[in-house]
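Open the model in your viewer and keep the selection panel at hand. The stops below say what to select and what is there.

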Amino acid sequence: SNIRSRTGRMAVATIALTLGAPGGLLLSSVLFTALGYWPVYAIDSGLAVLALMYIAVRIPSGTPMVLRMPADNASASAADDAGRRSLARDACSAVDNGNSTTVADVNYGGDGGHKVLRFGSGVYATLVTCFKPRPHHQRAFLLLLLLAMLGVVTAFGSISFLYLYVKKLFDWSYNSFIYYTVASTLLDVVGTTVMLSVLSHHMGVPDLWLGLVAALFKIAADTITATATMPIMLYVAAAGSMFSLVTPVVIRSQLSKSVSPAELGKVFSLLSSGESILPVVMGPAFTAVFKDTLDTVPGAVFYIAALAYGFTAVIFGVLLGFRASRRGVEEENSPLLQEDESQ
């Protein structure tokens, strides 16, 4: 997709994923009551198989990483050319030093001057792409965005304890919790749609400002949840977190705008790996905190979630400050400094 539509497209994908949750909760409750456990998991497995089949059949993917470096392209910037050559030098250096990573194929494309490098190790190629030096401080920008997403993923760990939390405090039934979850999800979808369509598309507010504001709202919402003394406060918190989906959307959008199209797969591969590994580490940590504080500070996990979003908000502030300090200098054409164009 082009730069202008990328944030909006990612928002649509995130909203579609989010809307599946309340439907699944309502349907699973009915199926469990009528049929029991195994039909629920059988249907879930069947839907997962259908999704995998669709991905395999309809979504093209290439196994090798193809790196194109135009030799004679007047429109290509010197910065992009330097970044590509840096990656090529890293790969060739690894081969010269006896590294197991190999360059499987090198082609010189005649008049086009293309070099195609294929790496035998996907992990190495991913790390090289994400950590290689980049002009205009783009590497720092990229890594800070990855850290910001890790803060968001850490905060998501508190959601698993929400039902136990409300059951202890307010003795909610499962059906009451489902109704709250559905209402909260719908508020998230409405808030994300309004923020991105009005503030981003029509008013042209930069992505990073949207991410910062959404993170601050989420901090307030988690704090209200942690200090709730009556059920209505949970609904107030749900209203306060209605922009929470904007933060991960903005991070993914900014990541996609900060690297070349050839590098998107590697960058998002590292992001997905972090999103998968972090819950394995933080899950037991959240469980231990929840068990140890259940009788004293039952909302402790939500304080931790607020701190995690605070970490993400600080990163957004740093990126905004850096962008403002560099505005108007010779690097203003860098992808790092370009004005956000969300839709």
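Select residues 246–258, helix α10. Helices here are DSSP runs of H or I, at least four residues, and are numbered from the N terminus. α10 has 13 residues and reaches 18 Å from its first C-alpha to its last. That is close to the 18 Å expected at 1.5 Å a residue, where the expected span is 1.5 Å times one less than the number of residues. Now colour by burial: under 20% relative accessible area is buried, over 50% exposed, in between partly exposed (1.4 Å probe, protein chains only). Of the 13 residues of α10, 12 are buried, so the helix is largely enclosed by the rest of the structure. Among them are Val-246, Pro-248, Ile-251, Leu-255 and Lys-257.

A word on the source: this is a predicted model, in which local features need pLDDT of at least 70, side-chain atom pairs count only at pLDDT 80 or more, and totals for chains, interfaces and linings use all residues. Residues are numbered from 1 along each chain as its sequence is written, and side-chain values use heavy atoms, leaving out hydrogens and water.

Next, show α7 (residues 174–202) with α9 (residues 231–240). Their axes come within 8 Å and cross at roughly 25°. Axes are lines fitted to C-alpha atoms, for helices over the stretch in contact, with angles from 0 to 180 degrees between N-to-C directions. The crossing angle makes α7 roughly parallel to α9 (under 35 degrees). Which side chains meet in α7 and α9? Tyr-180, Ala-183, Ser-184 and Leu-187 in α7 meet Leu-234, Tyr-235, Ala-238 and Ala-239 in α9; contact means heavy atoms within 4.5 Å.

Step back to Asp-171, in the loop between α6 (162–170) and α7. Asp-171 is exposed, with a relative accessible area of 60%. Check its backbone: phi is positive, about 55°, although Asp-171 is not a glycine. Most residues other than glycine have a negative phi.

Move to α5 (residues 138–156) and α11 (residues 264–293). The two axes come within 9 Å and cross at roughly 35°. From α5, Leu-142, Leu-146 and Met-149 are among the contact residues; from α11, they include Leu-271, Leu-278 and Phe-286.

Last stop: Thr-126, in helix α4 (residues 122–131). At 8% relative accessibility, Thr-126 counts as buried. Beyond neighbours within four places in sequence, Thr-126 is in contact with Lys-266, Ser-269 and Leu-270.

Definitions and conventions: Helix = DSSP H or I, 4+ residues; strand = E, 2+ residues; numbered from the N terminus. Parallel < 35°, antiparallel > 145°, perpendicular 65-115°, else oblique.
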